[in-house]
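User: I'd like to learn how to read a sheet and the loops around it. Can you walk me through one?

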Amino acid sequence: KQAIAAAAAALVNDGDFIFINSGSTCLYVCEALKAKKNLTVVTNSVQILTCLIGCASITTFFLGGKVDTDMQITTGDDAAEQLSRYVADKVFLGMDGVDAAMGATTYNHTEEAIMRQMLQQAKEKILIADHSKIGRVTFARIAALTEFDTLITNRTEENAVELAKIRAMGMEVICTE
């Protein structure tokens, strides 16, 4: 996950405005972003907020809304309304499932509306998922893979065929070691 995070951070320019959702891979991305200058990050994740608090080079906006204490995120109309005011240069979305046919999916249906909105309001759309998520389909479908520009993952023999299908769809796939 650290290699995925480093590859994600390499796509970020100083001064970028970024959306990022919740999850362990997203948390690693935020750690890697601390080396950047003058970033603005918008998130609904308590863990991402906590990671970035005190980082002088990153301005963080936390979406207010209904708190899901199990997932440590905010959701609902209040979060969506606040998010509607922003446009990001890049969005990094972590997912529980990435499948060529079914797209990007998550177990957490309560966050799906916020993830879809982040995707719609970002110029560059980047999907981040470790190898265990490739070829997996989970509960709630967020988007077709054609709605993303880039997938960052780590390649294994087990996911090589699925990654080839995803590349054939026209998506850029960055594989880390």
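**Reading the sheet and two loops**

Analyst: Q72 lies in the loop between β4 (66–68) and β5 (73–75); helices (H or I, at least four residues) and strands (E, at least two) are DSSP runs numbered from the N terminus. This is a predicted model, with local features needing pLDDT of at least 70, side-chain atom pairs counting only at pLDDT 80 or more, and totals for chains, interfaces and linings using all residues. Residues are numbered from 1 along each chain as its sequence is written, and side-chain values use heavy atoms, leaving out hydrogens and water.

User: What is the phi of Q72?

Analyst: Positive, about 60 degrees, although Q72 isn't a glycine. N38, in the loop between α2 (24–33) and β2 (39–43), also has a positive phi, near 60 degrees.

User: Is N38 buried or exposed?

Analyst: Exposed means over 50% relative accessible area, buried under 20%, partly exposed in between (1.4 Å probe, protein chains only). N38 is exposed at 58%, while Q72 is partly exposed at 31%.

User: What is the strand order in the open sheet?

Analyst: Strands of a sheet pair through backbone hydrogen bonds, parallel or antiparallel. Here seven strands pair in parallel, in the order β3-β2-β1-β6-β9-β11-β12; pairing takes at least two DSSP bridges between two strands. The edges are β3 (58–62) and β12 (172–176), each pairing on one side only.

User: How many bridges join β11 to β12?

Analyst: Five, with β11 covering residues 150–154. L151 stands opposite V173 in β12.
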